[in-house]
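Here are my notes for you, as numbered points. Have the model open while you read, and click on each residue as it comes up.

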Amino acid sequence: MATRISDAPRVGMVSLGCPKALVDSERILTRLRADGYRMSADYAGADVVVVNTCGFLDSAKEESLEAIGEAMAENGRVIVTGCMGDEAAMIRSRFPDVLAVTGAHQYEQVVDAVHDAAPPSQGPFIDLIPQPLDDEGGVKLTPRHYSYLKISEGCNHSCSFCIIPQLRGKLASRRIDAVLREAEKLVAAGTRELLVISQDTSAYGVDIRHQEQSWKGRQVRAHMTDLARELGQLRTPEGTTPWVRMHYVYPYPHVDQVIPLMAEGLLTPYLDIPFQHASPSVLKAMRRPANEAKVLDRIRNWREICPDLAIRSSFVVGFPGETEGDFRYLLDWLEEAQLDRVGGFRFEPVEGATANILPGAVPEEVKEERFQRLMEATSRISTARLAAKVGRILPVIIDEIGEPDEDDGSIGATGRSQADAPEIDGQVLLRDVPADLQPGMIVDVLVEEADAHDLFGVPVSQR
């Protein structure tokens, strides 16, 4: 008589916040899948729902609480994890029936809570399934063709507006051989774009004194420059160079050393640098690191070496003590810097941040007025920089293919240039793409039009 293996319990996941939290969600799901769980795409089919929260800003906390409330209403068996896990008492006061609350990147505690809520149905047959190692590929919550590569956790900075060190701890870097092994496996499995993430990519390895490991017969340091060089050596199964995009890069002096790798085509010519402001007095109040006065000169030098370098950043307006003069300084700085992509934020007090007690609170109406002026200025800069690309042929990675037009059968597609990271930057909207085009392919595109954020074009060749 055949032995019937009971149905595996199903887990639903709601992942909020930054890409670093998304990687945490992937790791949790990978561990659970190895334990015999199946994934559920909706609340109704889940035996338990994990909500991975964001707790950086009050607005993000409110979004997380709404997500917890929705999961409780739709399913009722909810485990809360992530950055809001430090506020367990508040969460339980709002939702006393949540099954468990854990903190950021506490993978084992989340898995244990799921085991308690919906015990795995493993037996002697399923127990033979190999269990993946931490640096091996697992569940992905992104499309197959791009992947986030997290190189460290936590942060050593003490910025006055930020509580990340309280939420995620001090800098904890991964071994460089583990990072490179993961990157190699991802590319071999179909990843065509690696997005390197951390809280401070430039500080990678500082906590472990840039420890060396053997990789491919040579010694490699846990250091941003060594990491960038080694990632630039990766090749897809077809022999092409994958895109490697660097995020959360503080402009320390050694960043200069990665620009030539971009000029050589080994790294994607893109830097995500969290400048936050430009006024020296505001930066001092923010306790921002690595914002030396000559950063504009360095940007000019970078672009001389790599003319196609795209720089994205984000800026906070209305920080306590910010004067109209400080804000105008920022606008003038942006005119000089000509950043390609800019995000703006109105200052929000974050519980536990020292900025909350600083004098000179900026009225909400002034914050809003400055925010609108910031967006107008950066939109104008972006429009001009994108207009300069009209008539050029650029490589574009394909994200999505449209349905054939009902009238003429033509097919459109959505992709991104090397200046565009997924989810946060612009897109390239394509017409008349070939029928065999697939997500993840990189095609050469003739840029025909541009607006403030996006490019429009037509493929001219396929790689």
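1. Start with glutamate 324 and arginine 373, whose side chains form a salt bridge with N and O 2.8 Å apart. (A salt bridge here is a side-chain nitrogen of Lys or Arg within 4 Å of a carboxyl oxygen of Asp or Glu.) Glutamate 324 sits in helix 11 (residues 324-337) and arginine 373 in helix 12 (residues 364-387), so the pair ties together parts 49 residues apart in sequence. (Helices are DSSP runs of H or I, at least four residues, and strands are runs of E, at least two, numbered from the N terminus.)

2. A word on the source: this is a predicted model, where local features need pLDDT of at least 70 and side-chain atom pairs count only at pLDDT 80 or more, while totals for chains, interfaces and linings use all residues. Residues are numbered from 1 along each chain as its sequence is written, and side-chain values use heavy atoms, leaving out hydrogens and water.

3. (Buried means under 20% relative accessible area, exposed over 50%, and partly exposed in between, with a 1.4 Å probe and protein chains only.)

4. Now look at arginine 380 and glutamate 335, a salt bridge with its closest N and O atoms 2.3 Å apart. This pair links distant parts of the chain, with arginine 380 in helix 12 and glutamate 335 in helix 11, 45 residues apart. Arginine 380 is partly exposed at 48%, and glutamate 335 is partly exposed at 35%.

5. Arginine 346 and glutamate 368 form a salt bridge too, at 2.6 Å between the closest N and O atoms. Arginine 346 belongs to strand 15 (residues 341-346) and glutamate 368 to helix 12, so this pair ties together parts 22 residues apart in sequence. Both count as partly exposed: arginine 346 at 35% and glutamate 368 at 31%. Shared partners also join Glu322, Glu324, Arg328, Glu369, Arg370 and Arg373 into one salt-bridge network. The structure holds 33 salt bridges.

6. On to the nonpolar cores. (Such a core is a set of buried Ala, Val, Leu, Ile, Met, Phe, Trp, Tyr and Cys residues joined through side-chain atoms within 4.5 Å.) The largest has 54 residues, and Leu231, Leu271, Trp333 and Leu339 have the most contacts inside it. A second, separate core of 18 residues includes Val49, Leu65, Val78 and Val80.

7. Helix 1 (residues 19-34) has 16 residues, and at 1.5 Å a residue it should span 22 Å; its end C-alpha atoms are 23 Å apart, which agrees. (The expected span is 1.5 Å times one less than the number of residues.) Of those 16 residues, 12 are buried, so helix 1 is largely enclosed by the rest of the structure. Among the buried ones are Leu22, Val23, Ile28 and Leu29. Glycine 36 follows helix 1, with a positive phi near 100°.

8. How many disulfides are there? Zero, in a search of the whole structure. (A disulfide is a pair of cysteine sulfur atoms within 2.5 Å.) The sulfur of cysteine 83 has its closest cysteine sulfur in cysteine 54, 5.9 Å away, too far for a bond. For cysteine 155 the closest is in cysteine 159, at 6.3 Å, also too far. Cysteine 83 is buried at 9% relative accessibility, and cysteine 155 is buried at 8%.
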